[in-house]
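Here is a short tour to read with the model open beside you.

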Amino acid sequence: MQKFFRDDQLRRHDIDTLKKFLRRRLGGYVVALRYVQKDNWLYRAVRWKTPPPEVSMVSYPPAGIVRELGRLNRIGEPMFYCSRGQDPTLYEVNAKIGETFAISEWEMKEPLWMHNLGYHPVALGKLGPHGSEEYRPFMRGIIPNEASRNEKIRRRMALDFTEVVSERDNYRYKQSIAINELLFDNAESIPSHPDGPTIDEAVGTVYPSIKNRGAADNVAIRPKFVDSSLKLRTISFIRIEEVNPESDGYTYLQTHLAARFDGNKICWEELTSAAELRRRYIYRAGNHYILRDGLGNLIARH
């Protein structure tokens with residue numbers, strides 16, 4: 001199946017026009033919906049030169065400062081972009097030496113329905129060996145007895161949605177936005193499931209990290225559901241000490257921690273323990289990403 005849009009179409013047409021074209025082409029397509037259990041923790045990194053004083057400064061941005069298209073957001077329409085892991089957020093924000101970030105940790109207060117995009121084996125394989133389907137057994141058999149035409153459309157959607165977009169080609173995000181929005185348009189209420197979500201609609205989208213070569217999962221949630229269904233647990237303030245392109249790795253130091261919040265106020269604690277106890281290394285080794293502490297001890301292997 002050919003790509004949904006030619007480059008000249010993406011340059012010329014607005015998102016709503018592209019969606020009309022997609023709607024005609026995808027008639028009868030069966031979507032993949034799963035709900036995410038509340039034991040998942042979500043992480044979001046935001047650049048700040050100093051520890052930000054307010055909770056709202058680490059959550060989704062105000063509409064007025066969203067001036068560019070993103071993989072799922074229009075201009076002026078914020079999304080809460082996050083990852084299912086702390087360290088993948090550094091790749092998402094393209095962290096550089098000397099930069100400092102507030103990395104917030106959020107708890108899901110309830111199960112939530114999510115659309116899934118980009119999880120076709122062909123698209124995962126294109127991202128790299130880290131993204132192969134073997135790392136995501138929960139995605140197998142995502143649509144039981146899937147028709148051949150539906151599988152071809154899902155493959156095309158996955159490939160087009162996970163396309164790598166450079167800063168100078170930002171207009172190409174119209175494609176992923178159109179694909180994602182089409183899944184939400186005119187959607188019917190989702191039937192209730194035992195111990196499942198109480199909200200009867202999809203609140204966001206789960207997709208493989210493009211910048212992390214498919215080794216992590218990203219989540220984009222619509223703001224109103226962040227307010228209703230997520231709870232902020234902690235915030236770490238870190239400084240990037242080293243960036244290693246050869247190992248695709250980072251060295252960073254945690255300088256502050258916040259675990260208490262007074263309304264919208266963040267109650268920061270400056271950390272004074274030995275630097276080795278606050279330092280972390282993340283790097284790529286073969287098909288895995290390795291996380292070690294400042295003493296070289298293994299923390300995680302993804």
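## Ground rules

Throughout this report, contact means heavy atoms within 4.5 Å. The model is a predicted one, so local features are given at pLDDT of at least 70 and side-chain atom pairs count only at pLDDT 80 or more, while totals for chains, interfaces and linings use all residues. Residues are numbered from 1 along each chain as its sequence is written, and side-chain values use heavy atoms, with hydrogens and water left out.

Let us begin with Leu26. Setting aside neighbours within four places in sequence, Leu26 is in contact with Phe4, Arg149, Ile153, Met157 and Leu182. A nonpolar core is a set of buried Ala, Val, Leu, Ile, Met, Phe, Trp, Tyr and Cys residues joined through side-chain atoms within 4.5 Å. Buried here means under 20% relative accessible area, exposed means over 50%, and partly exposed is in between (1.4 Å probe, protein chains only).

The largest nonpolar core has 31 residues, and Phe4, Leu22, Leu26, Met157 and Ile179 touch the most other members. At least two residues of this core come from each of helix 2 (15-25), helix 5 (148-161), helix 6 (173-184) and strand 6 (202-208). Helix 6 gives the largest share, 7 residues. Helices (H or I, at least four residues) and strands (E, at least two) are DSSP runs, numbered from the N terminus. There is also a second, separate core of 26 residues, with Val36, Leu112, Leu124 and Leu230 among them.

## Helix 5 against helix 6

The axes of helix 5 and helix 6 come within 9 Å and cross at roughly 135°. Axes are lines fitted to C-alpha atoms, for helices over the stretch in contact, and angles run from 0 to 180 degrees between N-to-C directions. The two helices are therefore oblique to each other: angles under 35 degrees count as roughly parallel, over 145 as roughly antiparallel, 65 to 115 as roughly perpendicular, and the rest as oblique.

On the helix 5 side, the contact is made by Met157, Asp160 and Phe161, and on the helix 6 side by Gln175, Ser176, Ile179, Asn180 and Leu183. By class, this contact has 4 nonpolar, 3 polar and 1 charged residues. For these classes, Ala, Val, Leu, Ile, Met, Phe, Trp, Tyr, Cys and Pro count as nonpolar, Asp, Glu, Lys and Arg as charged, and the others, Gly among them, as polar.

Leu159 also lies in helix 5. Leu159 counts as buried because its relative accessibility is 16%. Beyond four places in sequence, Leu159 is in contact with Val122, Ala123 and Lys126. Leu159 and Pro121 are 38 residues apart along the chain, and their C-alpha atoms are separated by 9.8 Å.

## Loop residues to look at

Asp248 sits in the loop between strand 8 (230-244) and strand 9 (249-262). With 16% relative accessibility, Asp248 counts as buried. Which side chain makes a polar contact with the side chain of Asp248? That of Tyr289, at 2.4 Å. A polar contact is a pair of N or O atoms within 3.5 Å; within protein, one must be able to donate a hydrogen and the other to accept it, and residues adjacent in sequence count only if both atoms are side-chain atoms. Not counting residues up to four places away in sequence, Asp248 touches Tyr91, Arg213, Ile282, Tyr283, Arg284 and Tyr289.

Most residues other than glycine have a negative phi. Asp248, however, has a positive phi near 55°. Asp195 is not a glycine either, and its phi is positive at about 60°. Asp195 lies in the loop between helix 6 and strand 6 and, at 72% relative accessibility, counts as exposed.

Asn40 is in the loop between strand 1 (33-36) and strand 2 (41-47), and counts as buried at 13% relative accessibility. The Asn40 side chain reaches the backbone oxygen of Gln37 at 3.0 Å. Leaving out neighbours within four places in sequence, Asn40 is in contact with Arg84, Trp106 and Met108.

## Two more stops

Apart from neighbours within four places in sequence, Glu270 is in contact with Thr255 and His256.

Pro223 is found in helix 7 (residues 223-229) and counts as buried at 17% relative accessibility. Not counting residues up to four places away in sequence, Pro223 touches Tyr60 and Pro78.
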